[in-house]
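User: Hey, I've never looked at this one before. Can you walk me through it?

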Amino acid sequence: MSPSRATVILAPAALPAVLPAAAWPALRAADVVYAGGDLPEVTRVALDAKAAPAPEELLRTTGSVVLVVADRAEPGAAALLRAGAALVSVPVPAVVDAVAVMDKLRSPGGCPWDAAQTHDSLRQYLVEETYELLEAIEDGDRAALREELGDVLLQVLFHARVAAESAEDPFDIEDVAGELVAKLVGRHPHVFAGDEVVHTAEHQQVRWEELKQTEKRRESIVDGVALGQPAVALAGKLGQRTGRAGLPYDLFPAGDGEAERLFRLAAGARRGGVDPEGALREVAKRFAADVRAAEVAAKAAGIEPLTLEAEGWRRFWPR
């Protein structure tokens, strides 16, 4: 067989129903279409392809031959390509590759640690990665932002893969993405339906909450507020939600206790347009930096920071 009359077509397992447009002329002109051993069955059946013979026999085949495989490393494909066969492939989006990698890690023969995880055991990592992403955003670190977004995406892919194995209520990343698309379209009728006009971001935020309330058939304005979030963020969210409903400040928790005062500060700040969680974290980070600076100054003066008392801290505190 002349190598010029052989074509290898890559049909990645991650996209079993997708073939590149350039593959169709070769398929139509082929005297025989073979399926490699790694090709998903759904693709083989759709193409009515024959099972590929051994690589040595493939190389002896006469006529125009097409071999469809999932990976160019498949033995028959590798042999044909070494002999000069043409290669037709479709670029696989990195997100699709990420799903495939997650599937492999979780499947038999993959990673024992990944296979042992559950929704519950993964919770701590979702929280940690989210805070690392927040730090990258606050620091304006673009490289870290890219990396941490990937780590948060990993958590989404991981949970979706675990969910796909449920015997009672399985769903996968396609279901997750499909529900997200439906939500985004449904809550932006001014964009996708054209039946209303939204002029400002503030107006859209109000409409989002109104549509969410109707969609989820909530009975209370505080339904859907995540009670497990950090306390300052929770107080702020409750202040924001109740503010939209016209609940007055004087109905905030009363009393002179530290907790009541903290709630009123956080809830009031969010109503005033300030994110209390982010603002407090920024102050805390500045304070931590000042502590470090004072410690460095003390060491430079030959004093062990652990021995510092009130006046010592004041002496070395950054001005």
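User: What should I know before we start?

Analyst: This is a predicted model, where local features need pLDDT of at least 70, side-chain atom pairs count only at pLDDT 80 or more, and totals for chains, interfaces and linings use all residues. Residues are numbered from 1 along each chain as its sequence is written, and side-chain values use heavy atoms, with hydrogens and water left out.

User: OK, cores. How many residues does the largest nonpolar core have?

Analyst: The largest nonpolar core has 15 residues, and those with the most contacts inside it are Ile9, Leu19, Leu27, Val33, Leu47, Val66 and Val68. A nonpolar core here is a set of buried Ala, Val, Leu, Ile, Met, Phe, Trp, Tyr and Cys residues joined through side-chain atoms within 4.5 Å. Buried means under 20% relative accessible area, exposed means over 50%, and partly exposed is in between, with a 1.4 Å probe and protein chains only.

User: And which elements give two or more residues to this core?

Analyst: Helix 1 (23–29), strand 2 (32–35) and strand 4 (65–69) do. Helix 1 gives the largest share, three residues. Helices (H or I, at least four residues) and strands (E, at least two) are DSSP runs, numbered from the N terminus.

User: What is Val33 in contact with?

Analyst: Leaving aside neighbours within four places in sequence, Val33 is in contact with Leu27, Ala49, Lys50, Val66 and Val68. Contact means heavy atoms within 4.5 Å. There's also a second, separate core of 12 residues, which includes Ala6, Tyr34, Val69 and Leu80.

User: Switching topic: how many aromatic pairs are there in the whole structure?

Analyst: A search finds five. Rings of Phe, Tyr and Trp (its six-membered ring) pair if their centres lie within 6.5 Å; planes under 30 degrees apart count as stacked, over 60 as edge-to-face and the rest as tilted.

User: Why is the pair of Phe252 and Phe263 edge-to-face?

Analyst: Because the ring planes of Phe252 and Phe263 are at 85°, with the centres 5.8 Å apart. Phe252 lies in the loop between helix 12 (231–244) and helix 13 (258–271), and Phe263 lies in helix 13, so the pair ties together parts that are 11 residues apart in sequence.

User: Is Phe252 buried or exposed?

Analyst: Phe252 is buried, at 9% relative accessible area. Another pair is Phe287 and Trp317, which is tilted: 5.8 Å centre to centre and 45° between the planes. That pair links distant parts of the chain, with Phe287 in helix 14 (residues 276–300) and Trp317 in the segment after helix 15 (310–316), 30 residues apart. Phe287 counts as exposed at 53%, while Trp317 is partly exposed at 27%.

User: Now charges. How many salt bridges does the search find?

Analyst: The search of the whole structure finds 12. A salt bridge means a side-chain nitrogen of Lys or Arg within 4 Å of a carboxyl oxygen of Asp or Glu.

User: Where does Asp139 sit?

Analyst: Asp139 is in helix 7 (residues 119–139), and counts as partly exposed at 47% relative accessibility.

User: Last one: which residues form the nonpolar patch on the surface?

Analyst: Val95, Leu153, Val156, Phe171 and Val176 form it, with about 370 Å² of accessible area together. Patches are made of residues with over 30% relative accessible area and no salt bridge: like charges are joined within 9 Å, nonpolar side chains (Val, Leu, Ile, Met, Phe, Trp, Tyr) within 5 Å. Accessible areas come from the Shrake-Rupley method with a 1.4 Å probe, and for residues only the protein chains shown count as cover. Val176 is in helix 9 (residues 173–186) and is partly exposed at 32%.
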